[in-house]
Amino acid sequence: MKNKILSLPLLALAVGLICIQAATAQSFKRVPVKGSVPIVQIAAGDSSVWALASNGHPYVYKGGQFAMAKNLVLTQIAAGGGSLTQPDAVWGISAAGNVYSATLTGTKWVFSLMPGVLDFIAVGIGYADDCHPYEVWGLNTAAFIYRYNYCLQNWEQAPGTLGTIAVGGGEVWGIGGGLPFVFNFSTLSFDPPPDASNRSYVDITVGPFGAWAKRSFTGDPDVYLYDKLLFEFSPEGDYLDQIKAGGNGVWGLGSAHSSIFISHFEPSTLKFVEISREKLTSISVGNSGVWGINGSHEVYSFSTP
């Protein structure tokens with residue numbers, strides 16, 4: 001399963017991370033789901049939070065709980081790019097590869113069938129031009145890369161292939177053949193970043209401080225942050241099964257006991273600080289918060305006083 005992922009200005013992030021560390025009653029609290037249906041995926045956007053139930057129906061968080069948004073069956077949902085002036089872009093994919101986009105009309109989200117057939121989708125805020133108010137990217141089953149053009153109302157293919165793709169903070173990164181690639185908005189191509197490490201990666205996420213890549217653990221640190229000054233991925237943490245970056249920081253799911261760790265990124269320590277030992281199996285991070293699912297398919301959100 002491919003993975004995806006968003007960010008805030010660095011100053012706001014730094015202040016937020018310090019506040020999180022200082023809080024004494026911080027914890028993950030269970031969030032109700034209408035009908036108590038099992039949840040299998042969470043997508044934390046910038047101004048909304050979405051979930052997929054085990055039956056594939058999309059749920060949206062409102063009024064303190066998740067409620068079904070549409071009697072539609074999806075295999076993935078992605079949300080992001082929202083701000084004070086625009087709602088999140090919300091996209092979904094069905095088992096057949098059909099692509100849907102949800103539009104907020106009044107207080108309701110309306111899902112519309114879109115062109116294309118995809119296997120994975122990633123959504124984030126767009127800064128490039130008027131035709132990309134959001135960065136919406138997709139991969140099909142052949143690993144071909146597509147970018148949605150809002151002016152043409154269709155997909156444009158980018159050269160190359162990728163196994164996974166991530167969007168955040170106006171940047172787009174991917175992993176292909178174990179190697180990292182970053183989208184060049186000038187040439188409209190994915191280029192390998194200057195990096196002499198020659199490491200192989202399995203996943204990537206983009207958010208605070210840039211791109212974070214993960215390796216399969218082989219005895220050395222398995223989480224790396226791309227250093228734009230040194231032009232290389234530098235080790236920043238280990239023993240993490242998942243790494244997610246977004247508006248509320250950088251979070252990891254530890255392999256030792258499925259604990260949640262927050263990235264309290266300090267140049268002096270470069271360490272992940274443990275926050276909680278909730279038995280979560282997946283996490284999602286956005287400006288809307290930090291959300292997770294446990295082994296019983298219940299939803300939890302990170303809460304501070």
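**Loops, core and a pocket in a predicted model**

Gln-153 is placed in the loop that joins strand 12 to strand 13 (154-161). The structure described here is a predicted model. Most residues other than glycine have a negative phi. With a relative accessible area of 56%, Gln-153 is exposed, because exposed means over 50%.

A positive phi of about 55° is also found at Ser-36, again not a glycine. Ser-36 belongs to the loop between strand 1 and strand 2, and its relative accessibility of 63% places it among exposed residues. Gly-35 lies in the loop between strand 1 (27-31) and strand 2 as well. Gly-35 has a relative accessible area of 66% and is therefore exposed. Along the sequence, 33 residues separate Gly-35 from Met-68, while in space their C-alpha atoms are 9.3 Å apart.

Two further loop positions were examined. Gly-177 sits in the loop between strand 15 (171-176) and strand 16 (179-184). Its relative accessibility is 83%, so Gly-177 counts as exposed. The C-alpha atom of Gly-177 is 8.8 Å from that of Val-202, a residue 25 positions away along the chain. Ser-48 also has its place in a loop, between strand 2 (39-44) and strand 3 (49-53). Ser-48, however, is buried, because its relative accessible area of 9% falls under 20%. Leaving aside residues up to four places away in sequence, Ser-48 touches Ala-43, Ala-79, Asp-88, Val-90, Trp-109 and Ser-288.

In soluble globular proteins, nonpolar side chains tend to be buried together. In this model, the largest nonpolar core consists of 14 residues. The residues with the most contacts inside this core are Trp-91, Val-99, Leu-118, Ile-121, Val-136 and Trp-155. At least two core residues come from each of strand 7, strand 10 (120-125), strand 11 (134-139) and strand 12 (144-149). Strand 7 makes the greatest contribution, supplying three residues. Apart from residues up to four places away in sequence, Val-136 touches Trp-91, Ile-121, Ala-122, Val-123, Tyr-146, Arg-147, Tyr-148, Tyr-150 and Trp-155.

The second largest pocket holds about 210 Å³ of space. It is lined by 15 residues, of which Ser-101, Ala-102, Thr-103, Tyr-134 and Tyr-150 are the closest to its centre. Strand 7 (89-93), strand 8 (98-105) and strand 9 (108-117) are the elements that give two or more residues to the lining. The largest share, four residues, is provided by strand 8. Sorted by class, the lining contains eleven nonpolar residues, three polar residues and one charged residue.

The average pLDDT is 85, and 84% of the residues score at least 70. Over residues 3-24, pLDDT stays under 50. The model has 69 contacts beyond four places in sequence for this stretch. Where pLDDT is low, the predicted coordinates should not be read in detail.

Terms used:
Residues numbered from 1 in each chain as written. Predicted model: local features only at pLDDT ≥ 70, side-chain atom pairs only at ≥ 80, totals over all residues. Heavy atoms only, no water. 1 Å grid on protein atoms, 1.4 Å probe; cavity = no way out; pocket = protein on both sides within 12 Å on 5 of 7 lines; lining within 4 Å. Points joined across faces, edges and corners; volume = space filled by probe spheres on them. Nonpolar A, V, L, I, M, F, W, Y, C, P; charged D, E, K, R; others polar. pLDDT = per-residue confidence, 0-100. Contact = heavy atoms within 4.5 Å. Core = buried A, V, L, I, M, F, W, Y, C linked by side-chain atoms within 4.5 Å. Buried < 20%, exposed > 50% of the residue type's maximum accessible area, 1.4 Å probe, protein only.
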